[in-house]
Amino acid sequence: MDFESTGDFVDRARAGWEKARPGLDVSSIEVMGRISRIGALASQRVERDLAAAAVSRAEFDVLCTLARSDRPLRASEVTAATMLSGASTTKNVDRLARRGLVERLPWERDGRVVLMRLTPLGTELVNREFPHFLDRERELLAGLAAGEKAQLAALLRKIAARAEPAS
């Protein structure tokens, strides 16, 4: 489909809002609508592609968070890194632990705290699936030149800084 001449989903949504509410400035839809739409479509694709590995996107996020850490993590650290709720983190880690992908360890400094780390099976899954995840992202960005990708990343970083809660 030629989006230059026909527009995309967001163009059509914006036009619909401009028609329905002519005095309302809906220009933010140009950016935020596309961010939301791309995120939703990319997440659906990841969910579909991860189905063969029998893990959800949220579970994969937990696995990847543990994979990039140089030490076992507390549940609160996994929650903060994945943007899941505490209850969701617990539920996902429970499922991953039952499958032998994550293990829980006692924390020597505080017996009430449990640490989590990948098992060799979890590491194997991440090592197998993460390159495919990156390939899918590269496919989505294939129409952009290197400078355009850098510019887009810088602009999105600015938006993300305003959206992130103050630390």
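Where does Thr 119 have its place? Thr 119 sits in the loop between strand E3 (110-118) and H7. Helices (H or I, at least four residues) and strands (E, at least two) are DSSP runs, numbered from the N terminus.

Before we go on, a word about the model. It is predicted, so local features need pLDDT of at least 70 and side-chain atom pairs count only at pLDDT 80 or more, while totals for chains, interfaces and linings use all residues. Residues are numbered from 1 along each chain as its sequence is written, and side-chain values use heavy atoms, with hydrogens and water left out. The pLDDT, the predictor's confidence in each residue from 0 to 100, averages 91 over the protein, and 95% of the residues score at least 70. Among the elements, H4 has the highest mean pLDDT (96), and helix H1 (residues 3-6) the lowest (60).

**Around Thr 119**

Thr 119 counts as buried because its relative accessibility is 11%; buried means under 20% relative accessible area, exposed over 50%, and partly exposed in between (1.4 Å probe, protein chains only). Its side chain reaches the backbone oxygen of Gly 100 at 2.5 Å. Leaving out residues up to four places away in sequence, Thr 119 touches Gly 100, Leu 101, Val 102 and Glu 103, where contact means heavy atoms within 4.5 Å.

Apart from neighbours within four places in sequence, the contacts of Val 102 include Leu 63, Leu 66, Val 93 and Met 116.

**Aromatic rings**

How many aromatic pairs does a search of the whole structure find? There are two. Rings of Phe, Tyr and Trp (its six-membered ring) pair if their centres lie within 6.5 Å; planes under 30 degrees apart count as stacked, over 60 as edge-to-face and the rest as tilted.

| Pair | Type | Centre to centre | Angle between planes |
|---|---|---|---|
| Phe 60 and Phe 133 | tilted | 6.0 Å | 55° |
| Phe 130 and Phe 133 | stacked | 5.7 Å | 20° |

Phe 60 lies in helix H4 (residues 57-67) and Phe 133 in helix H7 (residues 120-141), so their pair ties together parts that are 73 residues apart in sequence. Phe 130 and Phe 133, in contrast, both lie in helix H7, three residues apart, about one turn of the helix. Ring pairs link Phe 60, Phe 130 and Phe 133 into a cluster. Is Phe 130 buried or partly exposed? Phe 130 counts as partly exposed, because its relative accessibility is 33%, whereas Phe 133 counts as buried at 11%.

**Leu 50 and its surroundings**

Leu 50 lies in helix H3 and is buried, with a relative accessible area of 0%. Setting aside residues up to four places away in sequence, Leu 50 touches Val 55, Ser 56, Arg 57, Phe 60 and Glu 129. The C-alpha atoms of Leu 50 and His 132 are separated by 9.6 Å, although these residues are 82 residues apart along the chain.

Definitions and conventions. Polar contact = N/O pair within 3.5 Å; in protein donor to acceptor, adjacent residues only side chain to side chain.
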